[in-house]
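Please open the model in your viewer and keep the selection tool at hand. Each stop below tells you what to select and what is there.

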Amino acid sequence: MSYTSQSHDQATSIWLANDLPREILSYLELSDCPDTALNFSFKSGSAAQTSIGLSGLAAAFIVSLRTGNMQDVSVDARHAILDISSLDPESWYTVDGQVPTASARDHLTAIYRTKDDSFGILNILQYDPIREAVQAALLHWNAQDLEDEAVKQKMWIAAYRSFETTALRGTSPVQLIKIGEAPKRDIIFKVLDLCRVLSGPVCGRTLAAYGADVLLVTSPNFPIYPCSISIHLAASARRSSISQAPQIDCLKELVNDADVFLQAYRPGGLQEKGFGPQELAKVRPGTFDSLVQTATGFNWAEAEFFAKFNGQPVMDKPEPRALPVQALDHVAGYFLAFGVQAAIAKTITEGGSWEVRVSLATVAQWLRSLGQLPPDTAFRDGRPLPKRMTPPDTEIAALSVTLHQATGDKRDVEGRLRTMSAIRHAAQLSVTPVKDVEAPMCLDRHQPVWLPRV
């Protein structure tokens, strides 16, 4: 099977699995040989191209339901790879011509060794906030015991596993579930975004790029990641807390006129506050709701393939080798954007309230199911990422767009407004292209109200 046909086959399978019309697939064009777009054994080029292509095709399909005219959607695999490389240190955005120096990762983020020679990420130990102290503390734990203890405390860490210890399931990376009845209606959609890190914000940014009014709501008590300026390129930004009664009432008012409720809390986390899928469907019929490498074996398998490429013996438990980009998070975000728009299309054509489910675990299973490239093909023929520098690499410059800082509703921005450059959206729509004009570039720029309908 050729690389291109596999990408098309995957897009076709996911599109049809969600009961969308087959004839629309003829408008999707994917570039050749996507999986040598990055020096990595897993087929991240196909994954990026497929997920971004489906999100763009769903956007074009919604436009066609309103206008009667369908348009072409094309995705270049290398552009798609650079699109999903937006987190430090592979971030390509600049502010006022300079590459941001702050890291998007917490200084404790790492893969640590435990006493049974496995690896895990710390969340529950008492320690001094330095890596050396964390590593010393973990050497007193077995990896599985630590993972079990974290689960008891409703925290998430992952022991280092191989594919042999993780079952491969055939679950689709995107699931649409009808959870209520509602009349058919057109949607110029309003998205209430309660997500913070990567997958959810990537979805919100993508929906905003396709014309949605996306209102990001987050707590003033949460830290702001440097990558937020890049992730939330096109979304309005408002900081508030849903742990206090006045803010909960404000959120309820926003829900009353929202079309999409985008969240990535633990299952049941928002239901406790009255914002579960069933509750939302009652308040606003026709609303949609949307709910990792070490744990699933990717670090292990990639380490084995890289050892083979270098002619080294494959160890029983090799040192973990991470994915060169945050592929699972970004691909999940684009699949979520596809699922939301697929649900919107269904609301236009058949009505109903829909829940859209995408998880990192199912996306990881899907990526694994695509198989791996031979080591020589992956690491010899695959292209490395460009260097992060000022001025930007010529490849990055050619794919970048310049945006101006938005003042928002609160026109109290001190000093001159900034500009930023960022990789433009990889899905190219032939008739209604994405319009990159301005970006909030900070939180708390907008009042918690929706834009007026045009």
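The tour goes through helices, then single residues, then some backbone details. Keep in mind that this is a predicted model.

**Stop 1: helix H12**

Select residues 327-349, which form helix H12. H12 has 23 residues and reaches 33 Å from its first C-alpha to its last, close to the 33 Å expected at 1.5 Å a residue. Of the 23 residues, 22 are buried, so H12 is largely enclosed by the rest of the structure. Just after the helix, find Gly351, with a positive phi of about 80°.

**Stop 2: helix H2**

H2 is largely enclosed by the rest of the structure, because 20 of its 24 residues are buried. Gly68 follows H2 and has a positive phi, near 85°.

**Stop 3: H2 against H12**

Two packed helices are described by the angle between their axes and the distance between the axes. How do the axes of H2 and H12 cross? They come within 8 Å and cross at roughly 20°. Angles under 35 degrees count as roughly parallel, so H2 is roughly parallel to H12. The crossing is left-handed. To see the contact, show side chains on both helices: on H2 the residues include Ala47, Ser51, Leu54, Ala58, Phe61 and Leu65, and on H12 they include Val331, Phe335, Phe338, Gln341 and Ile348. By class, this contact has 17 nonpolar, four polar and one charged residues.

**Stop 4: H6 against H12**

Keep H12 and select residues 199-209, helix H6. The axes of H6 and H12 come within 7 Å and cross at roughly 50°. That angle makes H6 oblique to H12. The crossing here is right-handed. From H6, the contact is made by Ser199, Val202, Cys203, Arg205, Thr206 and Leu207; among the partners on H12 are Asp329, Ala332, Leu336 and Val340. The residues of this contact divide into eight nonpolar, five polar and two charged.

**Stop 5**

Is Leu192 buried or exposed? Select Leu192 in strand E7, residues 190-193. Its relative accessible area is 0%, so Leu192 is buried. Beyond its neighbours within four places in sequence, Leu192 is in contact with residues including Leu215, Val217, Leu251, Phe261 and Trp450. Leu192 and Gly204 are twelve residues apart in sequence, and their C-alpha atoms are 8.7 Å apart in space.

Now move to Lys184, in the loop between strand E6 (175-180) and E7. With a relative accessible area of 57%, Lys184 is exposed. Leaving aside neighbours within four places in sequence, Lys184 is in contact with Thr347, Ile348, Thr349, Glu350 and Gly351.

**Stop 6: backbone details**

Select Asp19, in the loop between helix H1 (3-17) and strand E1 (28-30). Asp19 is not a glycine, yet has a positive phi of about 55°. Asp19 is exposed, at 63% relative accessible area.

Next take Asp96, in the loop between strand E3 (94-95) and strand E4 (112-113). Its phi is also positive, near 50°. Asp96 has 29% relative accessibility and so counts as partly exposed.

Finish at Pro391, in the loop between helix H14 (375-381) and helix H15 (394-398). A cis peptide bond joins Thr390 to Pro391, with omega about -10°.

Methods
Residues numbered from 1 in each chain as written. Predicted model: local features only at pLDDT ≥ 70, side-chain atom pairs only at ≥ 80, totals over all residues. Heavy atoms only, no water. Axes fitted to C-alpha atoms, helices over the stretch in contact; angles between N-to-C directions. Helix = DSSP H or I, 4+ residues; strand = E, 2+ residues; numbered from the N terminus. Parallel < 35°, antiparallel > 145°, perpendicular 65-115°, else oblique. Left-handed = near helix turned anticlockwise from the far one by under 90°. Contact = heavy atoms within 4.5 Å. Nonpolar A, V, L, I, M, F, W, Y, C, P; charged D, E, K, R; others polar. Buried < 20%, exposed > 50% of the residue type's maximum accessible area, 1.4 Å probe, protein only. Expected span 1.5 Å × (residues − 1).
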